Amino acid sequence: TKPYVYMTRKMPASIVEKLEAECDVGMWEKEEEPVPEEVLEKELQTADALFCTISDPVNKENINQAENLKIIATMAVGFNNIDVEAAAARNIQIAHTPGVLSETTADLTFALLMAAARRIPEGIEVIKNNEWGAWAPFFLTGQDIHQARLGIIGMGRIGEAVAKRGTGFDMDIVYHNRSRKPETEKEIGARYVELDELLETSDFVCVMTPYTNETHHMMNREAFQKMKNTAIFINSSRGGTVDEEALFEALKNGDIRGAGLDVFENEPISADHRLLSLPNVTALPHIGSASENTRWKMAEMTANHILQGLRGEKPDHLVSL
Ligand code: GLV
Ligand code: GLV
C-alpha cells in the first residue's frame, strides 16, 4: 500500500498529482480557510507525511499521536508553528523552504519600507476620500530613503537580500546578528554593530530574525525608546518578535515616526486592531513571499520534500536544530 500524505490546504492539481504518483493523498479542500485543529489532529493519527502551512499548529500533542508520521514539510521558511523538539524526539523529519523566497520577501520588505517612509497609503487615502486640496509646502512629507541608515536585525538570507536593495539607494547599512557575516560585510558593505547602536542610530530598523524563545518580544518598550523619533520600524518576519502594545505606545507618543508591518502576533488581524487606528502604520496581510512564481516554487519544493522523506532519501532542506 502507498504511504498516506495529508495536505492541510487545497493545492493546485499539478502539485497533488505529483504526490499521487507515489502516495495516497488526503487534502483539506479549502484554499482560504485553514484546516480545523480537530481535523488536523485526526489526520495526523494515520498520516505518513504532512504537507502544512504557517497557519497550522503542529503541536506536541498532535505529534505524539502521529504513529506513522515520518516527515512534516511546511510551505514556508519559518517553522515556529511546529514543535520541532517533539518531532525530533520521535525521529520525524521537518523540511521547509529557505532560499527560494528570499528575494521575493526582500522585494516586499523594501516596498513596505518605501511605502511607510513616503506615506504612500496615506496618499492613496487622500485621493480616494477626495481630500486633495491646494498644494501645501509640507503636505504628506515623509522620510528620505536614499542615504539614510538601514539597520537590519537578523542577517540571514532575507536580511542580506534587503541589504542589497539598500545599496541601490545609497543607504548606509548596519546590521546585528548572532554571528558576524564577514562575506556579507565585504560584498554589501554592511557594518556590524551592537544592537543598541543599531537601534539608536538607524533611520530604518528592519527585523528579519526567525521567531524563537530568544527573539520573543525583542522589540519591546525599551527597544522602541532607543530608536530615533524620526525612525521607521519595519517587520516582515514574524509578529511575535514585537510587543505590539509597546509599538502602539511608541507610535502614538512619537517615540518613532512610523511602522511598516507585514506580520502580526495573532494573524489574521481584523480592522479593529489597535495598530490600524494609527495613521503612521502601513499594514499588509503577511504577503512577503506572495509572488506567483515563488509560491509555485515553494509548493513544488514542499511536495518534493515529502517524496524524498517517504522514499527514505534526505530531503533537500531539513530544518536543523
Ligand atoms: C512565511 O512567513 C514563511 O515563513 O515562509
Ligand atoms: C531565510 O531564508 C533567512 O534565513 O533569512
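How do the residues of the shell around ligand 1 divide into nonpolar, polar and charged?

Author: The shell around ligand 1 has four nonpolar residues, three polar and no charged. The residues are I54, A76, V77, G78, L101, G288 and S289. A residue belongs here if its C-beta atom, placed from the backbone, lies within 6 Å of the molecule. Ala, Val, Leu, Ile, Met, Phe, Trp, Tyr, Cys and Pro count as nonpolar, Asp, Glu, Lys and Arg as charged, and the others, including Gly, as polar.

This is a predicted model: local features need pLDDT of at least 70, side-chain atom pairs count only at pLDDT 80 or more, and totals for chains, interfaces and linings use all residues. Residues are numbered from 1 along each chain as its sequence is written, while chains are lettered from A and ligands numbered from 1 in the order in which they are written. The chain averages a pLDDT (the predictor's confidence in each residue, from 0 to 100) of 97, and 100% of the residues score at least 70. The model scores ipTM 0.68 and pTM 0.95.

Now ligand 2. Around ligand 2 are V77, P98, G99, S102, G156, R157, I158 and G159. By class, that shell has three nonpolar, four polar and one charged residues. Helix α7 gives the most, with three residues. Helices (H or I, at least four residues) and strands (E, at least two) are DSSP runs, numbered from the N terminus.

Helix α7 spans residues 157-168 and lies across β6 (149-153), β7 (172-176) and β9 (204-207). The helix runs at about 165° to β7. Axes are lines fitted to C-alpha atoms, for helices over the stretch in contact, with angles from 0 to 180 degrees between N-to-C directions.

Those strands sit in an open sheet of seven, ordered β8-β7-β6-β9-β10-β11-β12, with parallel pairing. Its edge strands are β8 (191-192) and β12 (281-283), each pairing on one side only. Two strands pair if DSSP finds at least two bridges between them. Strands β10 (residues 232-235) and β11 (residues 258-261) have four bridges. I232 has G258 as its bridge partner, and F233 has A259. From β11, G258 and G260 point one way, A259 and L261 the other, and all are buried. Buried means 20 or more other C-beta atoms within 10 Å of the residue's own; exposed means 12 or fewer, and partly exposed is in between, with C-beta atoms placed from the backbone. In a regular strand the side chains alternate between the two faces of the sheet.

There is also a sheet of five strands. Its order is β2-β1-β3-β4-β5, open and parallel. The edges are β2 (24-27) and β5 (93-95). Three bridges join β4 (residues 71-74) to β5, and I72 has I94 as a bridge partner. Helix α12 (residues 292-311) lies across β1, β3 (49-52), β4 and β5, at about 170° to β4.

V5 lies in strand β1 (residues 4-7). V5 counts as buried because it has 27 C-beta neighbours inside 10 Å. Its contacts (C-beta atoms, placed from the backbone, within 7 Å) include L19, F51 and I306. K60 lies in helix α3 (residues 60-64). K60 counts as exposed because it has 12 such neighbours. Beyond four places in sequence, K60 touches D83 and A86.

Definitions and conventions. Two residues are in contact if their C-beta atoms, placed from the backbone, lie within 7 Å.
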